[in-house]
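Good morning, and thank you for making the time.

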2 protein chains.
Amino acid sequence: MTARRRPATATSRKPRRAPRPIRREPRDGERKRDTTRRVLLERALALFQNRGVEATTMRDIARAAGLSLGAAYYYFPSKEALVFAFYEENQAAIELTAARADGTVRERLGRVLHAKLDSIRPHRAMLAAIIQRLVDPGDPLGAFSTQTGAVRQRAIAIFARALEGTGLPPETVTVTAHALWLLQLACMLVFVHDNSPDGARTHGLVDDGLDLLVPLLPLLGTPAGQAICERVIGALGRAGMVIAPAP
Amino acid sequence: MTARRRPATATSRKPRRAPRPIRREPRDGERKRDTTRRVLLERALALFQNRGVEATTMRDIARAAGLSLGAAYYYFPSKEALVFAFYEENQAAIELTAARADGTVRERLGRVLHAKLDSIRPHRAMLAAIIQRLVDPGDPLGAFSTQTGAVRQRAIAIFARALEGTGLPPETVTVTAHALWLLQLACMLVFVHDNSPDGARTHGLVDDGLDLLVPLLPLLGTPAGQAICERVIGALGRAGMVIAPAP
DNA sequence: CGCATGTTTTGAACACGTTCAAATACCGCC
DNA sequence: GGCGGTATTTGAACGTGTTCAAAACATGCG
(Lines give C-alpha, C1' and ligand atoms only; values in the text may rest on other atoms or scores of the structure.)
Protein backbone atom coordinates (compact mmCIF):
# COMPACT_ATOMS: atom_id res chain seq x y z
CA MET A 1 0.00 0.00 0.00
CA THR A 2 2.79 2.37 0.85
CA ALA A 3 6.48 2.26 0.07
CA ARG A 4 8.35 -0.43 1.86
CA ARG A 5 10.81 0.93 4.34
CA ARG A 6 14.14 -0.46 5.32
CA PRO A 7 14.57 -2.24 8.62
CA ALA A 8 14.99 0.96 10.64
CA THR A 9 18.62 0.85 11.59
CA ALA A 10 18.08 2.27 15.03
CA THR A 11 20.99 4.68 15.07
CA SER A 12 21.26 6.38 11.69
CA ARG A 13 21.75 10.07 12.34
CA LYS A 14 22.01 11.70 8.97
CA PRO A 15 22.68 15.38 8.53
CA ARG A 16 19.60 17.41 7.68
CA ARG A 17 18.54 17.56 4.06
CA ALA A 18 17.50 20.71 2.31
CA PRO A 19 13.73 21.27 2.53
CA ARG A 20 11.51 21.01 -0.52
CA PRO A 21 10.47 24.42 -1.81
CA ILE A 22 6.65 24.71 -2.00
CA ARG A 23 5.04 28.08 -2.57
CA ARG A 24 2.97 29.49 0.22
CA GLU A 25 2.08 32.97 -0.91
CA PRO A 26 1.14 35.34 1.89
CA ARG A 27 -1.88 37.61 1.83
CA ASP A 28 -2.11 41.26 2.75
CA GLY A 29 -0.32 42.08 5.96
CA GLU A 30 -0.17 38.45 7.02
CA ARG A 31 2.58 37.15 9.27
CA LYS A 32 4.53 34.22 7.96
CA ARG A 33 3.19 32.09 10.76
CA ASP A 34 -0.39 32.88 9.84
CA THR A 35 0.22 32.18 6.18
CA THR A 36 1.62 28.75 6.90
CA ARG A 37 -1.25 28.02 9.25
CA ARG A 38 -3.87 29.10 6.78
CA VAL A 39 -2.40 27.09 3.91
CA LEU A 40 -2.11 24.05 6.13
CA LEU A 41 -5.76 24.32 7.10
CA GLU A 42 -6.89 24.84 3.50
CA ARG A 43 -5.07 21.76 2.25
CA ALA A 44 -6.30 19.71 5.17
CA LEU A 45 -9.96 20.58 4.58
CA ALA A 46 -9.57 19.86 0.87
CA LEU A 47 -8.13 16.45 1.61
CA PHE A 48 -10.82 15.74 4.20
CA GLN A 49 -13.53 16.44 1.66
CA ASN A 50 -11.91 14.45 -1.13
CA ARG A 51 -10.97 11.34 0.78
CA GLY A 52 -12.71 11.64 4.11
CA VAL A 53 -11.16 12.30 7.48
CA GLU A 54 -10.14 8.76 8.29
CA ALA A 55 -8.40 8.16 4.99
CA THR A 56 -6.43 11.37 5.19
CA THR A 57 -3.28 10.98 7.24
CA MET A 58 -1.41 13.73 8.98
CA ARG A 59 1.52 12.83 6.75
CA ASP A 60 -0.65 13.49 3.69
CA ILE A 61 -1.67 16.87 5.04
CA ALA A 62 1.87 17.89 5.87
CA ARG A 63 3.09 16.82 2.44
CA ALA A 64 0.27 18.67 0.67
CA ALA A 65 1.26 21.84 2.49
CA GLY A 66 4.96 21.36 1.81
CA LEU A 67 5.76 20.77 5.45
CA SER A 68 7.18 18.01 7.52
CA LEU A 69 5.03 15.98 9.85
CA GLY A 70 6.32 17.70 12.93
CA ALA A 71 5.71 21.15 11.49
CA ALA A 72 2.06 20.32 10.99
CA TYR A 73 1.81 19.43 14.66
CA TYR A 74 3.54 22.68 15.48
CA TYR A 75 0.55 24.56 14.09
CA PHE A 76 -2.28 22.23 15.06
CA PRO A 77 -1.93 20.15 18.20
CA SER A 78 -3.92 17.27 16.75
CA LYS A 79 -5.89 16.07 13.78
CA GLU A 80 -9.04 16.88 15.72
CA ALA A 81 -8.05 20.51 15.93
CA LEU A 82 -8.08 20.67 12.14
CA VAL A 83 -11.54 19.13 12.10
CA PHE A 84 -12.80 21.60 14.67
CA ALA A 85 -11.55 24.45 12.51
CA PHE A 86 -13.94 23.22 9.83
CA TYR A 87 -16.76 23.10 12.33
CA GLU A 88 -16.31 26.75 13.23
CA GLU A 89 -15.99 27.86 9.62
CA ASN A 90 -19.21 26.09 8.71
CA GLN A 91 -21.20 27.65 11.53
CA ALA A 92 -19.96 31.12 10.64
CA ALA A 93 -21.00 30.60 7.03
CA ILE A 94 -24.50 29.50 7.88
CA GLU A 95 -25.14 32.48 10.12
CA LEU A 96 -24.74 34.73 7.11
CA THR A 97 -27.21 32.90 4.91
CA ALA A 98 -29.96 31.67 7.21
CA ALA A 99 -30.58 34.56 9.55
CA ARG A 100 -33.18 36.45 7.50
CA ALA A 101 -36.26 37.31 9.51
CA ASP A 102 -39.03 37.49 6.93
CA GLY A 103 -41.83 35.00 6.36
CA THR A 104 -43.81 32.88 8.78
CA VAL A 105 -42.32 31.00 11.68
CA ARG A 106 -42.73 27.80 9.74
CA GLU A 107 -40.85 29.27 6.79
CA ARG A 108 -38.07 30.69 8.93
CA LEU A 109 -37.48 27.45 10.78
CA GLY A 110 -37.53 25.54 7.51
CA ARG A 111 -34.98 27.92 6.07
CA VAL A 112 -32.63 27.45 9.01
CA LEU A 113 -32.80 23.67 9.01
CA HIS A 114 -32.63 23.23 5.24
CA ALA A 115 -29.76 25.70 5.03
CA LYS A 116 -27.87 23.79 7.66
CA LEU A 117 -28.29 20.55 5.77
CA ASP A 118 -27.29 22.20 2.50
CA SER A 119 -24.22 23.71 4.07
CA ILE A 120 -22.94 20.40 5.31
CA ARG A 121 -23.86 18.42 2.21
CA PRO A 122 -20.48 18.82 0.52
CA HIS A 123 -18.85 17.58 3.69
CA ARG A 124 -21.07 14.62 4.37
CA ALA A 125 -18.32 12.08 3.99
CA MET A 126 -16.23 14.10 6.35
CA LEU A 127 -18.94 14.60 8.93
CA ALA A 128 -19.75 10.92 8.91
CA ALA A 129 -16.33 10.38 10.38
CA ILE A 130 -16.70 12.92 13.17
CA ILE A 131 -20.38 13.12 13.99
CA GLN A 132 -19.88 10.37 16.48
CA ARG A 133 -17.65 12.70 18.39
CA LEU A 134 -20.07 15.57 18.02
CA VAL A 135 -22.69 13.78 20.07
CA ASP A 136 -20.28 12.66 22.78
CA PRO A 137 -20.70 14.95 25.81
CA GLY A 138 -17.25 14.01 27.02
CA ASP A 139 -15.44 14.94 23.86
CA PRO A 140 -13.77 18.33 23.98
CA LEU A 141 -14.68 18.78 20.33
CA GLY A 142 -18.23 17.55 20.82
CA ALA A 143 -21.24 19.77 20.29
CA PHE A 144 -21.94 19.78 24.05
CA SER A 145 -18.51 20.67 25.35
CA THR A 146 -17.58 23.98 26.88
CA GLN A 147 -14.92 24.47 24.24
CA THR A 148 -17.53 24.63 21.51
CA GLY A 149 -19.92 26.60 23.70
CA ALA A 150 -19.59 29.81 21.72
CA VAL A 151 -20.47 28.15 18.45
CA ARG A 152 -23.38 26.35 20.07
CA GLN A 153 -24.79 29.51 21.60
CA ARG A 154 -24.72 31.24 18.24
CA ALA A 155 -26.55 28.34 16.66
CA ILE A 156 -29.22 28.34 19.35
CA ALA A 157 -29.62 32.08 19.03
CA ILE A 158 -30.56 31.61 15.40
CA PHE A 159 -33.46 29.40 16.40
CA ALA A 160 -34.51 31.83 19.08
CA ARG A 161 -34.63 34.62 16.51
CA ALA A 162 -36.68 32.48 14.14
CA LEU A 163 -39.23 32.03 16.93
CA GLU A 164 -39.71 35.73 17.46
CA GLY A 165 -43.07 35.93 15.74
CA THR A 166 -44.75 33.40 17.98
CA GLY A 167 -45.48 35.72 20.87
CA LEU A 168 -44.26 33.13 23.34
CA PRO A 169 -42.65 34.41 26.54
CA PRO A 170 -38.85 34.71 26.37
CA GLU A 171 -38.18 31.82 28.68
CA THR A 172 -40.32 29.52 26.57
CA VAL A 173 -38.55 30.67 23.44
CA THR A 174 -35.21 29.82 25.00
CA VAL A 175 -36.29 26.32 25.93
CA THR A 176 -37.80 25.72 22.52
CA ALA A 177 -34.69 27.01 20.76
CA HIS A 178 -32.60 24.52 22.69
CA ALA A 179 -34.98 21.75 21.72
CA LEU A 180 -34.82 22.76 18.07
CA TRP A 181 -31.05 22.76 18.20
CA LEU A 182 -31.18 19.20 19.49
CA LEU A 183 -33.56 18.35 16.68
CA GLN A 184 -31.13 19.82 14.21
CA LEU A 185 -28.37 17.63 15.59
CA ALA A 186 -30.59 14.61 15.11
CA CYS A 187 -31.32 15.69 11.53
CA MET A 188 -27.62 15.95 10.86
CA LEU A 189 -27.18 12.45 12.21
CA VAL A 190 -29.73 11.16 9.73
CA PHE A 191 -28.55 13.33 6.86
CA VAL A 192 -24.97 12.22 7.03
CA HIS A 193 -25.91 8.68 6.12
CA ASP A 194 -28.70 9.58 3.73
CA ASN A 195 -27.75 8.41 0.26
CA SER A 196 -30.92 9.47 -1.52
CA PRO A 197 -30.35 12.04 -4.31
CA ASP A 198 -29.54 15.44 -2.78
CA GLY A 199 -30.43 14.03 0.60
CA ALA A 200 -34.09 14.39 -0.36
CA ARG A 201 -35.20 11.92 2.29
CA THR A 202 -33.80 13.97 5.14
CA HIS A 203 -35.08 17.23 3.70
CA GLY A 204 -38.51 15.63 3.48
CA LEU A 205 -38.24 14.47 7.07
CA VAL A 206 -37.45 18.01 8.14
CA ASP A 207 -40.55 19.32 6.41
CA ASP A 208 -42.76 16.57 7.79
CA GLY A 209 -41.37 17.18 11.26
CA LEU A 210 -41.92 20.93 11.11
CA ASP A 211 -45.43 20.50 9.71
CA LEU A 212 -46.14 18.36 12.71
CA LEU A 213 -44.44 20.45 15.37
CA VAL A 214 -44.97 24.08 14.39
CA PRO A 215 -48.79 23.94 14.71
CA LEU A 216 -48.25 22.66 18.23
CA LEU A 217 -46.07 25.61 19.24
CA PRO A 218 -49.00 27.84 20.33
CA LEU A 219 -49.86 25.15 22.86
CA LEU A 220 -46.69 26.09 24.70
CA GLY A 221 -48.26 29.49 25.36
CA THR A 222 -51.25 28.00 27.19
CA PRO A 223 -51.14 27.54 30.95
CA ALA A 224 -50.62 23.81 30.50
CA GLY A 225 -47.78 24.43 28.05
CA GLN A 226 -46.18 26.92 30.39
CA ALA A 227 -46.37 24.41 33.20
CA ILE A 228 -44.63 21.83 31.08
CA CYS A 229 -41.86 24.28 30.19
CA GLU A 230 -41.39 25.12 33.86
CA ARG A 231 -41.12 21.48 34.76
CA VAL A 232 -38.67 20.80 31.95
CA ILE A 233 -36.47 23.67 33.12
CA GLY A 234 -36.73 22.46 36.69
CA ALA A 235 -35.85 18.90 35.81
CA LEU A 236 -32.88 19.93 33.69
CA GLY A 237 -31.73 22.26 36.46
CA ARG A 238 -31.86 19.46 39.01
CA ALA A 239 -29.85 17.35 36.58
CA GLY A 240 -27.16 20.01 36.51
CA MET A 241 -27.92 21.29 33.04
CA VAL A 242 -28.31 24.99 32.61
CA ILE A 243 -30.48 26.49 29.92
CA ALA A 244 -28.89 29.83 29.22
CA PRO A 245 -30.93 32.52 27.47
CA ALA A 246 -29.60 33.68 24.15
CA PRO A 247 -27.62 36.92 24.39
CA MET B 1 1.86 6.20 30.93
CA THR B 2 3.20 2.90 29.64
CA ALA B 3 6.60 1.34 30.10
CA ARG B 4 9.36 2.76 27.98
CA ARG B 5 10.88 0.23 25.66
CA ARG B 6 14.42 -0.08 24.48
CA PRO B 7 15.51 1.22 21.06
CA ALA B 8 14.14 -1.68 19.02
CA THR B 9 17.19 -3.46 17.67
CA ALA B 10 15.71 -3.90 14.23
CA THR B 11 17.10 -7.30 13.27
CA SER B 12 16.76 -9.69 16.18
CA ARG B 13 15.46 -12.93 14.70
CA LYS B 14 15.19 -15.27 17.61
CA PRO B 15 13.97 -18.83 17.37
CA ARG B 16 10.51 -19.45 18.82
CA ARG B 17 10.36 -19.41 22.58
CA ALA B 18 8.37 -21.82 24.67
CA PRO B 19 4.92 -20.42 25.43
CA ARG B 20 4.17 -19.19 28.93
CA PRO B 21 1.91 -21.60 30.77
CA ILE B 22 -1.21 -19.80 31.98
CA ARG B 23 -4.10 -21.85 33.32
CA ARG B 24 -7.28 -21.77 31.35
CA GLU B 25 -9.48 -24.30 33.06
CA PRO B 26 -12.33 -25.59 30.93
CA ARG B 27 -15.91 -25.84 32.11
CA ASP B 28 -18.32 -28.70 31.69
CA GLY B 29 -18.33 -30.15 28.21
CA GLU B 30 -16.56 -27.13 26.77
CA ARG B 31 -14.38 -27.35 23.70
CA LYS B 32 -10.87 -26.06 24.10
CA ARG B 33 -11.62 -23.36 21.59
CA ASP B 34 -14.59 -22.14 23.58
CA THR B 35 -12.63 -22.12 26.81
CA THR B 36 -9.92 -19.96 25.35
CA ARG B 37 -12.49 -17.66 23.84
CA ARG B 38 -14.40 -17.29 27.09
CA VAL B 39 -11.28 -16.58 29.16
CA LEU B 40 -10.11 -14.05 26.62
CA LEU B 41 -13.44 -12.26 26.78
CA GLU B 42 -13.52 -12.32 30.58
CA ARG B 43 -10.08 -10.81 30.89
CA ALA B 44 -10.84 -8.23 28.25
CA LEU B 45 -14.02 -7.03 29.96
CA ALA B 46 -12.24 -6.89 33.31
CA LEU B 47 -9.50 -4.74 31.82
CA PHE B 48 -12.03 -2.54 30.04
CA GLN B 49 -13.78 -1.85 33.32
CA ASN B 50 -10.61 -1.21 35.29
CA ARG B 51 -8.80 1.02 32.86
CA GLY B 52 -11.34 1.93 30.21
CA VAL B 53 -11.46 0.75 26.64
CA GLU B 54 -9.02 3.23 25.17
CA ALA B 55 -6.33 2.60 27.76
CA THR B 56 -6.55 -1.16 27.37
CA THR B 57 -4.44 -2.39 24.48
CA MET B 58 -4.94 -5.61 22.57
CA ARG B 59 -1.46 -6.54 23.76
CA ASP B 60 -2.64 -6.14 27.36
CA ILE B 61 -5.64 -8.34 26.74
CA ALA B 62 -3.61 -11.04 25.02
CA ARG B 63 -1.05 -11.02 27.83
CA ALA B 64 -3.73 -11.18 30.52
CA ALA B 65 -5.18 -14.26 28.86
CA GLY B 66 -1.78 -15.87 28.37
CA LEU B 67 -1.94 -15.59 24.61
CA SER B 68 0.03 -13.90 21.94
CA LEU B 69 -1.29 -10.87 20.13
CA GLY B 70 -2.10 -12.81 16.99
CA ALA B 71 -3.98 -15.47 18.90
CA ALA B 72 -6.29 -12.87 20.37
CA TYR B 73 -7.12 -11.73 16.86
CA TYR B 74 -7.74 -15.34 15.93
CA TYR B 75 -10.69 -15.40 18.32
CA PHE B 76 -11.98 -11.84 17.97
CA PRO B 77 -11.50 -10.07 14.65
CA SER B 78 -11.14 -6.67 16.31
CA LYS B 79 -11.18 -4.82 19.56
CA GLU B 80 -14.69 -3.68 18.69
CA ALA B 81 -15.89 -7.24 18.59
CA LEU B 82 -14.87 -7.63 22.22
CA VAL B 83 -16.79 -4.50 23.09
CA PHE B 84 -19.86 -5.73 21.26
CA ALA B 85 -19.71 -8.95 23.23
CA PHE B 86 -20.16 -6.85 26.34
CA TYR B 87 -23.10 -5.07 24.78
CA GLU B 88 -24.92 -8.32 24.15
CA GLU B 89 -24.17 -9.71 27.59
CA ASN B 90 -25.50 -6.60 29.24
CA GLN B 91 -28.75 -6.66 27.31
CA ALA B 92 -29.32 -10.32 28.11
CA ALA B 93 -28.76 -9.61 31.80
CA ILE B 94 -31.23 -6.76 31.94
CA GLU B 95 -33.98 -8.76 30.31
CA LEU B 96 -33.93 -11.11 33.26
CA THR B 97 -34.28 -8.43 35.91
CA ALA B 98 -36.48 -5.75 34.41
CA ALA B 99 -39.21 -7.68 32.67
CA ARG B 100 -41.62 -8.06 35.57
CA ALA B 101 -45.13 -7.00 34.66
CA ASP B 102 -46.66 -5.90 37.97
CA GLY B 103 -47.39 -2.37 39.11
CA THR B 104 -48.58 0.69 37.22
CA VAL B 105 -47.27 1.72 33.84
CA ARG B 106 -45.29 4.49 35.52
CA GLU B 107 -43.71 1.97 37.89
CA ARG B 108 -42.92 -0.51 35.13
CA LEU B 109 -41.29 2.06 32.91
CA GLY B 110 -39.32 3.42 35.85
CA ARG B 111 -38.11 -0.06 36.66
CA VAL B 112 -36.91 -0.67 33.12
CA LEU B 113 -35.04 2.61 32.82
CA HIS B 114 -33.52 2.57 36.29
CA ALA B 115 -32.50 -1.04 35.87
CA LYS B 116 -30.80 -0.21 32.62
CA LEU B 117 -28.82 2.57 34.24
CA ASP B 118 -27.92 0.39 37.20
CA SER B 119 -26.78 -2.37 34.92
CA ILE B 120 -24.37 -0.16 33.05
CA ARG B 121 -23.12 1.76 36.06
CA PRO B 122 -20.13 -0.50 36.70
CA HIS B 123 -19.17 -0.05 33.07
CA ARG B 124 -19.57 3.68 32.80
CA ALA B 125 -15.92 4.35 32.07
CA MET B 126 -16.07 1.73 29.40
CA LEU B 127 -19.27 2.96 27.83
CA ALA B 128 -17.98 6.49 27.73
CA ALA B 129 -15.46 5.26 25.22
CA ILE B 130 -17.95 3.50 22.96
CA ILE B 131 -21.23 5.37 23.30
CA GLN B 132 -20.10 7.63 20.53
CA ARG B 133 -20.15 4.65 18.24
CA LEU B 134 -23.47 3.47 19.59
CA VAL B 135 -25.21 6.55 18.25
CA ASP B 136 -23.53 6.44 14.84
CA PRO B 137 -25.98 4.99 12.31
CA GLY B 138 -23.09 4.06 10.06
CA ASP B 139 -21.20 2.05 12.61
CA PRO B 140 -21.73 -1.71 12.33
CA LEU B 141 -21.58 -1.87 16.12
CA GLY B 142 -23.89 1.08 16.58
CA ALA B 143 -27.28 0.76 18.20
CA PHE B 144 -28.99 1.42 14.85
CA SER B 145 -27.14 -1.04 12.68
CA THR B 146 -28.61 -4.21 11.28
CA GLN B 147 -25.95 -6.24 13.04
CA THR B 148 -27.26 -5.21 16.40
CA GLY B 149 -30.86 -5.43 15.26
CA ALA B 150 -31.71 -8.47 17.32
CA VAL B 151 -30.52 -6.88 20.54
CA ARG B 152 -32.36 -3.67 19.71
CA GLN B 153 -35.61 -5.48 18.99
CA ARG B 154 -35.46 -7.27 22.31
CA ALA B 155 -34.88 -3.98 24.10
CA ILE B 156 -37.82 -2.33 22.34
CA ALA B 157 -40.02 -5.31 23.11
CA ILE B 158 -39.42 -4.73 26.81
CA PHE B 159 -40.84 -1.23 26.53
CA ALA B 160 -43.79 -2.50 24.53
CA ARG B 161 -44.57 -5.00 27.28
CA ALA B 162 -44.33 -2.31 29.94
CA LEU B 163 -46.95 -0.33 28.01
CA GLU B 164 -49.47 -3.16 28.00
CA GLY B 165 -51.73 -1.69 30.66
CA THR B 166 -52.40 1.53 28.81
CA GLY B 167 -55.09 0.22 26.50
CA LEU B 168 -53.48 1.95 23.55
CA PRO B 169 -53.84 0.32 20.14
CA PRO B 170 -50.96 -2.01 19.18
CA GLU B 171 -49.59 0.30 16.53
CA THR B 172 -49.42 3.20 18.96
CA VAL B 173 -47.68 1.00 21.49
CA THR B 174 -45.07 0.08 18.93
CA VAL B 175 -44.33 3.70 18.05
CA THR B 176 -44.18 4.69 21.70
CA ALA B 177 -41.88 1.81 22.54
CA HIS B 178 -39.48 2.97 19.84
CA ALA B 179 -39.59 6.48 21.23
CA LEU B 180 -38.90 5.23 24.73
CA TRP B 181 -35.96 3.24 23.47
CA LEU B 182 -34.56 6.42 21.95
CA LEU B 183 -35.14 8.15 25.26
CA GLN B 184 -33.25 5.40 27.00
CA LEU B 185 -30.33 5.92 24.65
CA ALA B 186 -30.34 9.60 25.50
CA CYS B 187 -30.41 8.78 29.21
CA MET B 188 -27.41 6.53 28.76
CA LEU B 189 -25.62 9.36 27.01
CA VAL B 190 -26.20 11.58 30.02
CA PHE B 191 -25.54 8.90 32.58
CA VAL B 192 -22.18 7.95 31.23
CA HIS B 193 -20.77 11.35 32.04
CA ASP B 194 -22.71 11.86 35.25
CA ASN B 195 -20.28 12.06 38.12
CA SER B 196 -22.80 12.68 40.89
CA PRO B 197 -22.86 9.98 43.59
CA ASP B 198 -24.49 6.82 42.25
CA GLY B 199 -25.48 8.78 39.16
CA ALA B 200 -28.27 10.31 41.21
CA ARG B 201 -28.65 13.21 38.80
CA THR B 202 -29.51 10.98 35.87
CA HIS B 203 -31.81 8.79 37.94
CA GLY B 204 -33.60 11.95 39.03
CA LEU B 205 -33.86 13.07 35.45
CA VAL B 206 -35.44 9.75 34.52
CA ASP B 207 -38.06 10.15 37.23
CA ASP B 208 -38.78 13.75 36.33
CA GLY B 209 -39.07 12.82 32.68
CA LEU B 210 -41.43 9.94 33.32
CA ASP B 211 -43.57 12.03 35.70
CA LEU B 212 -43.89 14.48 32.86
CA LEU B 213 -44.47 12.03 30.02
CA VAL B 214 -46.51 9.18 31.43
CA PRO B 215 -49.56 11.35 32.28
CA LEU B 216 -49.53 12.46 28.65
CA LEU B 217 -49.67 8.90 27.31
CA PRO B 218 -53.48 8.67 27.37
CA LEU B 219 -53.52 11.63 24.98
CA LEU B 220 -52.06 9.31 22.36
CA GLY B 221 -55.28 7.34 22.53
CA THR B 222 -57.42 10.34 21.55
CA PRO B 223 -58.24 10.99 17.89
CA ALA B 224 -55.69 13.81 17.81
CA GLY B 225 -53.04 11.60 19.34
CA GLN B 226 -53.83 8.84 16.87
CA ALA B 227 -53.48 11.29 14.02
CA ILE B 228 -50.08 12.35 15.28
CA CYS B 229 -48.94 8.75 15.49
CA GLU B 230 -50.13 8.12 11.96
CA ARG B 231 -48.24 11.14 10.69
CA VAL B 232 -45.09 10.14 12.55
CA ILE B 233 -45.24 6.68 11.04
CA GLY B 234 -45.88 8.17 7.63
CA ALA B 235 -43.00 10.62 7.88
CA LEU B 236 -40.58 7.98 9.06
CA GLY B 237 -41.74 5.66 6.31
CA ARG B 238 -41.13 8.32 3.65
CA ALA B 239 -37.67 8.80 5.16
CA GLY B 240 -36.95 5.11 4.66
CA MET B 241 -37.19 4.12 8.30
CA VAL B 242 -39.37 1.19 9.17
CA ILE B 243 -41.05 0.84 12.51
CA ALA B 244 -41.35 -2.89 12.99
CA PRO B 245 -43.83 -4.23 15.54
CA ALA B 246 -42.36 -6.21 18.38
CA PRO B 247 -42.61 -9.96 17.86
C1' DC C 1 30.19 40.53 11.29
C1' DG C 2 29.63 37.38 15.83
C1' DC C 3 26.75 35.93 19.04
C1' DA C 4 22.61 35.08 21.69
C1' DT C 5 17.74 34.36 21.83
C1' DG C 6 13.53 33.03 20.02
C1' DT C 7 10.79 30.83 16.19
C1' DT C 8 10.06 27.37 12.89
C1' DT C 9 11.16 22.84 10.84
C1' DT C 10 12.76 18.29 10.77
C1' DG C 11 12.31 13.20 10.93
C1' DA C 12 13.26 9.44 14.03
C1' DA C 13 10.97 7.14 17.74
C1' DC C 14 6.93 5.54 20.14
C1' DA C 15 2.65 2.79 21.16
C1' DC C 16 -1.22 1.50 19.06
C1' DG C 17 -4.66 -1.69 16.15
C1' DT C 18 -4.28 -4.87 12.67
C1' DT C 19 -2.42 -8.43 9.24
C1' DC C 20 0.00 -12.39 7.84
C1' DA C 21 3.25 -16.11 6.71
C1' DA C 22 5.12 -19.35 9.13
C1' DA C 23 5.65 -22.40 13.20
C1' DT C 24 3.62 -25.42 16.36
C1' DA C 25 0.06 -28.27 18.63
C1' DC C 26 -3.53 -31.38 18.01
C1' DC C 27 -6.13 -35.38 16.29
C1' DG C 28 -7.73 -39.25 13.55
C1' DC C 29 -5.98 -42.91 10.94
C1' DC C 30 -2.67 -46.39 9.46
C1' DG D 1 4.96 -45.12 16.55
C1' DG D 2 4.50 -42.29 11.99
C1' DC D 3 1.70 -39.51 8.58
C1' DG D 4 -1.35 -35.93 6.98
C1' DG D 5 -4.32 -32.42 7.60
C1' DT D 6 -6.56 -29.02 10.41
C1' DA D 7 -6.63 -25.83 14.35
C1' DT D 8 -4.19 -22.89 17.00
C1' DT D 9 -0.34 -19.84 18.10
C1' DT D 10 3.38 -16.91 17.27
C1' DG D 11 5.68 -12.33 16.69
C1' DA D 12 7.50 -9.40 13.11
C1' DA D 13 5.85 -5.95 10.04
C1' DC D 14 2.76 -2.35 8.59
C1' DG D 15 0.55 2.22 8.74
C1' DT D 16 -1.31 5.24 11.94
C1' DG D 17 -1.51 9.59 15.31
C1' DT D 18 1.52 11.77 18.29
C1' DT D 19 5.91 13.37 20.78
C1' DC D 20 10.41 15.19 21.08
C1' DA D 21 15.26 16.59 20.91
C1' DA D 22 17.76 18.59 17.88
C1' DA D 23 18.66 21.31 13.62
C1' DA D 24 17.82 25.31 10.80
C1' DC D 25 16.30 29.78 10.37
C1' DA D 26 15.20 34.57 11.87
C1' DT D 27 15.96 38.57 14.36
C1' DG D 28 18.03 41.83 17.49
C1' DC D 29 22.24 43.71 19.56
C1' DG D 30 27.18 44.63 20.41
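Let me begin with the salt bridge, by which I mean a side-chain nitrogen of Lys or Arg within 4 Å of a carboxyl oxygen of Asp or Glu. What you see is a predicted model, in which local features need pLDDT of at least 70 and side-chain atom pairs count only at pLDDT 80 or more, while totals for chains, interfaces and linings use all residues. Residues are numbered from 1 along each chain as its sequence is written, chains are lettered from A and ligands numbered from 1 in the order in which they are written, and side-chain values use heavy atoms, with hydrogens and water left out.

By that rule, the count over all chains comes to 20 salt bridges. One of them is formed by A:Asp208 and B:Arg238, whose closest N and O atoms are 3.0 Å apart. Because A:Asp208 lies in helix H9 of chain A and B:Arg238 in helix H10 (residues 223-238) of chain B, this pair joins two chains. Helices here are DSSP runs of H or I with at least four residues, strands are runs of E with at least two, and both are numbered from the N terminus. B:Arg238 counts as exposed, at 55% relative accessibility, where exposed means over 50% relative accessible area, buried means under 20%, and partly exposed is in between, using a 1.4 Å probe and protein chains only.

Within chain A, A:Arg51 and A:Asp60 meet through their side chains in a salt bridge of 2.9 Å, N to O. A:Arg51 is partly exposed, with a relative accessible area of 45%, whereas A:Asp60 is buried, at 14%.

Stepping back to chain A as a whole, we find ten helices and zero strands, and of its 247 residues 43% count as buried.

Now look at H10 of chain A, which has 16 residues and reaches 22 Å from its first C-alpha to its last, close to the 22 Å expected at 1.5 Å a residue, the expected span being 1.5 Å times one less than the number of residues. Which residues are buried in H10(A)? They are A:Gly225, A:Cys229 and A:Ala235, and they lie on the same side of H10(A) because they cover an arc of only 130° around the axis, an arc taken from the directions from the helix axis to the C-beta atoms. On the other side of H10(A), A:Pro223 and A:Arg238 are exposed. The buried residues of H10(A) pack against helix H8 (170-192) of chain A together with helix H9 (200-213) of chain B.

My last stop is B:Asp198, which sits in the loop between helix H8 (170-192) and H9 of chain B and is exposed, with a relative accessible area of 56%. Leaving aside neighbours within four places in sequence, B:Asp198 is in contact, meaning heavy atoms within 4.5 Å, with B:Arg121, B:Phe191 and B:His203. B:Asp198 and B:Asp118 are 80 residues apart in sequence, yet 8.9 Å apart in space, C-alpha to C-alpha. B:Asp118 in turn forms a salt bridge with B:Arg121, with the closest N and O atoms 3.1 Å apart; B:Asp118 is partly exposed at 36% relative accessibility, and B:Arg121 is partly exposed at 31%.
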